[in-house]
Amino acid sequence: MTELICFEGGPFAENTWLVVSPAARRATLVDPGAATPEALALLDERGLTLDRVLLTHAHLDHIDGLPDVMSHSSVPVRMHPDDVPLYRNATAQAAAFGLTIGVLPPVQSDLAHGQEIDLPGCRLVVRHVPGHAPGHVLFHCDAEGWAIVGDVVFRGSIGRTDLPGGDLRTLMASIRREVLSLPDDTRLLPGHGPETTVGWERIGNPFLVPHYGGDLA
């Protein structure tokens with residue numbers, strides 16, 4: 001079994017996820033945000049090797065820890081090609097919020113819908129879920145019943161669509177097709193806030209439940 005560790009930090013309270021394979025003593029970092037130094041400190045404390053970085057999408061708060069990662073380990077950073085323009089404009093993203101960001105490393109824009117990523121002890125399936133960002137993906141581990149979903153859906157809410165590249169109907173279609181199609185007991189590990197489950201969101205999320213007005217899903 002993998003171990004899922006969340007590190008929350010920064011002005012956007014972004015969740016940085018560390019996926020640890022204890023038996024192999026290896027780890028994957030997903031969406032390195034402001035709390036990345038804490039994740040790296042844990043890696044060192046436990047003597048774990050970082051294998052890779054995976055990005056659900058390229059909004060500022062999900063990538064601003066990458067300079068810290070590159071100072072710690074030289075590992076591949078992978079994302080969906082449709083978010084490359086966002087990644088390349090990270091400096092402008094930061095400036096829009098009155099912030100700055102360090103120099104970002106080259107990225108492998110090779111993630112695709114249906115692609116499988118083998119981690120020690122767990123296989124992730126990439127699902128393309130645009131709407132919050134054009135190249136947004138989630139990472140689903142069917143064998144262990146969890147998915148890291150970034151900013152697609154939160155507990156009782158959904159990702160914002162007023163940023164460049166966002167589209168509400170596209171997001172709702174993504175949630176219906178790629179999130180609500182998962183088993184109800186699937187743990188959803190979001191980019192902000194507490195974790196939830198598919199079943200809870202199906203019956204309790206006001207954006208998704210028709211009698212609350214969520215008729216798009």
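Trainee: Is Phe12 buried, partly exposed or exposed in this predicted model?
Mentor: The relative accessibility of Phe12 is 29%. Buried means under 20%, and exposed means over 50%. The value for Phe12 lies in between, so Phe12 counts as partly exposed.

Trainee: And Phe97: buried, partly exposed or exposed?
Mentor: Apply the same cut-offs: under 20% is buried, over 50% is exposed. Phe97 has a relative accessible area of 43%. Phe97 is therefore partly exposed.

Trainee: How many aromatic pairs does a search of the whole structure find, and what is the geometry?
Mentor: The search finds one aromatic pair. Phe12 and Phe97 form it, at 5.1 Å centre to centre and with 85° between the planes. Planes over 60 degrees apart count as edge-to-face. So the geometry of this one pair is edge-to-face.

Trainee: How many residues apart are Phe12 and Phe97?
Mentor: Phe12 is in the loop between β1 and β2. Phe97 is in the loop between α4 (90-96) and β6 (116-119). The pair links distant parts of the chain, and the separation is 85 residues.

Trainee: Which strands stand at the edges of the open five-stranded sheet?
Mentor: The strand order is β1-β2-β3-β4-β5, with mixed pairing. Two strands each have a single partner strand, so one side of each is left without a neighbour in the sheet. Those edge strands are β1 (3-9) and β5 (77-78).

Trainee: Which residue in β5 stands opposite Val53?
Mentor: Strand β4 (residues 49-54) and β5 run parallel, joined by two bridges. Opposite Val53 stands Val77.

Trainee: At what angle does helix α1 run to β1?
Mentor: Helix α1 spans residues 36-46. It lies across β1, β2 (14-21), β3 (26-30) and β4. Its angle to β1 is about 140°.

Trainee: What does helix α5 reach from its first C-alpha to its last?
Mentor: Helix α5 (residues 168-179) has twelve residues. At 1.5 Å a residue, 16 Å is expected. The helix comes close to that, reaching 15 Å.

Trainee: Which helix do the buried residues of α5 pack against?
Mentor: Among the buried residues of α5 are Leu171, Met172 and Ile175. The buried residues pack against strands including β7 (122-128) and β8 (137-141). The helix they pack against is α6 (198-204).

Trainee: Is His136 buried or exposed?
Mentor: His136 is in the loop between β7 and β8. Its contacts include Thr56, His57, Asp83 and Arg127. Its relative accessibility is 0%, so His136 counts as buried.

Terms used. Residues are numbered from 1 along each chain as its sequence is written. This is a predicted model: local features need pLDDT of at least 70, side-chain atom pairs count only at pLDDT 80 or more; totals for chains, interfaces and linings use all residues. Side-chain values use heavy atoms; hydrogens and water are left out. Two strands pair if DSSP finds at least two bridges between them. Helices (H or I, at least four residues) and strands (E, at least two) are DSSP runs, numbered from the N terminus. Contact means heavy atoms within 4.5 Å. Axes are lines fitted to C-alpha atoms, for helices over the stretch in contact, and angles run from 0 to 180 degrees between N-to-C directions. Rings of Phe, Tyr and Trp (its six-membered ring) pair if their centres lie within 6.5 Å; planes under 30 degrees apart count as stacked, over 60 as edge-to-face and the rest as tilted. Buried means under 20% relative accessible area, exposed over 50%, partly exposed in between (1.4 Å probe, protein chains only). The expected span of a helix is 1.5 Å times one less than its number of residues. Lists of a residue's contacts leave out its neighbours within four places in sequence.
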